[in-house]
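Please keep the sequence and the structure in view while reading.

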Amino acid sequence: MAVRPAAIAVPAGARPSTGAWTVLARFVRKKPLGAAGGALMLLMVITALFAELLQTQDPIATNAAYTLGRPNLEHLLGTDHLGRDIYSRIVHGARVSLVVGVASTLLGSVLGGIIGLLSGYVGGKTDLVTQRILDILQGLPLLVLALVMSAALGPSVQNVVIAISIPIIPRAARVIRSSVLSIREMQYVEAARSLGVQHLRIAFRHILPNTIGPFIVLCTAQLGSAILVEATLSYLGLGVPEPYPSWGRMLSVSAAEYAQKAPHLVLFPGIAISLAVFASNLLGDALRDTLDPRLRGS
Amino acid sequence: MKTYVLQRLVIALLTLLGMSVVIFVLLRLAPGDIVDILFATAGYISPSEKQALMKELGIDRPYVIQYLDWLRQVVTGDLGKSYRYDLPAWEVIRPLVPVTLELAALSMVFAVLIGVPAGVVSAVRQDTTLDYLLRVFSLAGLSMPAFWLGMVIILGLVSWFAWIPPLTYVSPTKDLKLHLIQFLLPALAVGYRSSALIMRITRSSLLEVMREDYIRTAWAKGQTGRIVIWRHALKNALLPVVTVIGIEFAFLIGGLVVTETVFNLPGVARFLVQAILWRDYPVVQNLVMFTAIVVILSNLIVDMLYGVLDPRVRYGG
Amino acid sequence: MRSRALPFLGVFAVVLSTFALAAPAQSQTPKSGGTLNIMLREDLSQGFAIHESSTISTVFPAAPCLNNLVQFDPAKAIESTDTIVGDLAEKWSWQDNYRNLVFFLRKNVKWHDGHPFSSKDVKFTFDMLREGPEAPAKLRINPRKDWYANVEAVEAPDPYTVVFRLKRPQPSLLSMIASGYTPIYAAHVPPASYRTSCVGTGPFKVKEWRKGEYLDYVKNPDYFIKGRPYLDALHYVVIVERGTRTAALQAGQLDVAFPGETTKAAAEQLKKAVPQLVITPVGTAVTDNIIMNSKKPPFDNLKVRLAVSYAIDRKGLIQAVHQGAGVPGAAMAPRPYGVWGMTEKDLLTLPGYGKPADMKDKAKKLLAEAGVKPGQPLRVEMVTRAIAVYVDMASFVINELKQVGIEATLKQIETAQWHAMATRGDYQIGANLTGLGVDDPDANLYENFACGSPRNYSFYCDEQVMKMIDQQSQELDPRKRLAQVIAIQKKIEEAAARPVLDHRIDYFTVWPHVKNLTPHHNIYNFARMQDVWSDK
């Protein structure tokens, strides 16, 4: 049976191409929460990129004269127990959180995505074995895995990225694989195969583009989780080391001890973390609703 | 059905075995071992004493032998000796297990109590301000770091009410009321975070079900809205929720680690962190396997439930 | 509690008049009974095996179970040979010009399991510690073996007499025996058993040790000092999270803070919330110092090391990192915290103690002389332990060094690897903390500055200074000895062997009902709780 062009129509979820701004405007109108999340994320990215410009003091400079100081004009968010400016440290912390969060999410999602793509496409025994291996990785609680990995690899930015990306791999693989499974059975893929197109080509040319939607959703969902894990690791002392200011580390040790004299020590870094994760979750939710209604609520 | 159960059990066992290898290898990747830590507490290091100590603890043997030894111990029910405490690992872990289980259970209770009603209301009042507020509230719980939430709670209580829950563990046999007060706050904190996912699933599941034909038929027949929802929709919507509760239990462990630390509850999760820092391999390995078993068990139960509830699975094999 | 006070008052009066040993002067009459909740910042490291450990986390909670031969008077904050009082020994004396040390032991002392205590236990303990040829048992870790390097033999001529025969005079031996790190083990139990349980002679018996959670003691009814201890029980609680344990102390769920753990800022906050808390600033015998690997460039160059010492503003560090809770000093603690330290006047002659701006200029000049060009800063890697107190100090130091042309990156080393790395010399420069078990020149100088000592992380070795150390160790005239020790400290600082930045001060905090717990200027030596009572 001749393949009708309509049957090759891009699957549900992708939009007919119109101008980028129109798409954006529609998104903002339909999903105000998501747009807010996106805007917040953009703010974070800008802060991370231009941290040096936005800071008011050197984030690692100590000042014995004004420790645990209340917020004032010179120190917008107060100072910590060593007299360091909290606002500047939060600004730089955005860079750390974003870099670590994005890098580990991308690393984990891409690796997991490839595994899921191949596993789902090839199927059969390979699929079964791969799934069991991924089960193993996923069975270990995320924080515990990251903890052990972090202790194993030692404190450094690269190692934290690796440690956080590993638990993401099985989750990414699972999502992409299920997406692949549903696309694989579609008629146009069968048609391509019957025409003799090589497997790899089918995998990358036809199936991959249609997993982009779920992939983006996955990434934004995992980004929030990655930022949280980085914060928790830093809080436990196993994350990003000095001198990079990390929101999580700002909350460890001294913060809770001095919190009654200087509550801003505990409040501001925590609010920063929460806002970042919140924004990425909002954005992720909205993207999921727009890009793939089938996945809504799953 | 029988083959289904058997299949799942075999797979579960294999998965556990795989996990044991992973955790064994991972731990030994970490630089330094118990001997280094022991010398660290003594403030110096002596290579000859170190060799003797490693021999005494049995960690100078090749890794494969140590792994097989561990497997053998597990199979015979011996959980090994804690390197740090010189005592059987089980003896050290045993008093901690009920604390963590209790906290986990209480947290799940709160998670369901918060999440399900919120999800229902949110679905019924879809796209209203209430819906948005509830979704924001729920998402906020997911976005806050667990340890921060705990910290803020304790500090808020101290600053505004000049009161803190007991920060040293109160056994239920000693003072039940104080014990429950002590567990209330950490359970709420963890439960709040877990409720987010439950709320989301309840909401979306209910939304989907409400669109189904048989619901619309019931409405068309004139049955009042509320009865329709409660009798038909909810029953079917709850299936995925049950799944999520099982999955959420696994995510719980992560939140428990910091919550137990901040609220100073003597549970398994808090102990795990200390054991990792001390390279107390027997304790860490057994604890992680314990959590893995709990996770796999809960997945297994959920799968079983699916098998029972969903006829397609039951007869499809 | 009140009803039991009366009969005890009578006994106490008798005790006070006949035993002029550890009973301090009281302004109030002590009450018997009660429990104290005491803070622990982590679980006991090696149980009660004090001899296999060097950390306050073992000594502090294990001390109530054991006794020494002699101890530093619990009621006096400062520790010196003048404040040594008896514990298991009633009397002691140096003989043969400080070559023999004789102890006359108490009679009728029983171990917690009923066995009688005798000189056999003392000989057992010290033969084991010094790893003598006929050592009856071996410790699997023995950090203070070198304290007894000078002991030729330990003899027990009768059940209540012990004689230490030394190779040469060493007055310091008595101080080391008085340290909290030198309890007496029982000869009839294997030393390894102390890792899990405690058979001691002390005022309290171990009731239960719930790992990672708490340690419970009950009063020893057969304690050899009648009427002591006053307390019925001790409850040590492990709280790892810093904010949580401060909150617990503030709320009264803990009565006693952990020694060395209360910073000045925390103390101010506590005092504001609970004005009746009793807060005592005390020395800790812990110093912040800089170790520099003198076997590898660039710190094999004396000028570079001196530049580092000049660059660091000691007073600035005390203010910035400890909010004032510290005192400048050289290797030994200055008065009133110790008796061997240099005076303020003397300190001013040392590198780094003058006006900060001048000192930094001097540092830059030294670096220039060493070949560092302006605009081409010297790049080094600073190591420190991955613990907050270390990291804060290191951050400050890095900032100081930056201002004179040394760019240091910070590398945090996990506990498990720190000592191995430092002993191997796998580092360039490090920010370090050192705790001393006793304020004694022998204990400090041999361990940290002697040629070839494993804990001499800087690999400092000066033959002349070694001779001076040996000389002061045998010097019997206290005034002459003090002068010699001061001369040694001066030399060490001028060689920038291990520049001391400050001596830390702790704001030890207890609730007002806790009576008679006098903190010492040394965190390791006031933990027995024998004379402590509760006014509740």
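How many helices and how many strands are there in chain A?

1. Chain A contains 12 helices and 0 strands. The model under discussion is a predicted one, and the points below should be read with that in mind. Followed along the sequence, the pattern of chain A is α-α-α-α-α-α-α-α-α-α-α-α.

2. The next point concerns the interior of chain A. This chain has 298 residues, of which 56% count as buried. Among its contacts with a separation of 6 or more, 70% are between residues 24 or more positions apart.

3. Chain A meets chain C through 22 residues of chain A and 26 residues of chain C. The area buried between chain A and chain C is about 2000 Å², and carbon and sulfur atoms give 48% of that area. On the side of chain A that touches chain C, 13 residues are nonpolar, 4 are polar and 5 are charged. The interface of chain A and chain C has 0 salt bridges, while 4 residue pairs are in polar contact across it, both residues being at pLDDT 80 or more.

4. Chain B also meets chain C, with 39 residues from chain B and 40 residues from chain C in the contact. Between them, chain B and chain C bury about 3400 Å², with 59% of this on carbon and sulfur atoms. Thr41(B), Tyr44(B) and Tyr85(B) supply 15% of the area that chain B buries against chain C, more than any other three residues.

5. Which polar features join chain B and chain C? The interface of chain B and chain C holds 2 salt bridges. In one salt bridge, the side chain of Arg195(C) meets that of Asp86(B) at 3.1 Å, N to O. There are also 15 residue pairs in polar contact between chain B and chain C, both residues at pLDDT 80 or more. Several elements give two or more residues to the side of chain B that touches chain C, including helix H3 (47-57) and helix H11 (225-262) of chain B. H2(B) gives the most, with 7 residues. The residues on this side of chain B comprise 25 nonpolar, 7 polar and 7 charged.

6. Within chain C, strand E11 (residues 278-292) runs antiparallel to strand E16 (residues 500-510), and 9 bridges join them. Pro281(C) has Tyr507(C) as its bridge partner in E16(C). E11(C) also pairs with strand E15 (residues 429-435) of chain C, in the antiparallel sense and over 7 bridges. In that pairing, Val286(C) stands opposite Gly435(C) of E15(C).

Note on methods: Residues numbered from 1 in each chain as written. Chains lettered and ligands numbered in written order. Heavy atoms only, no water. Contact = heavy atoms within 4.5 Å. Buried area = accessible area lost by both parts, 1.4 Å probe. Salt bridge = Lys/Arg side-chain N within 4 Å of Asp/Glu carboxyl O. Polar contact = N/O pair within 3.5 Å; in protein donor to acceptor, adjacent residues only side chain to side chain. Nonpolar A, V, L, I, M, F, W, Y, C, P; charged D, E, K, R; others polar. Pairing = 2+ DSSP bridges. Helix = DSSP H or I, 4+ residues; strand = E, 2+ residues; numbered from the N terminus. Buried < 20%, exposed > 50% of the residue type's maximum accessible area, 1.4 Å probe, protein only.
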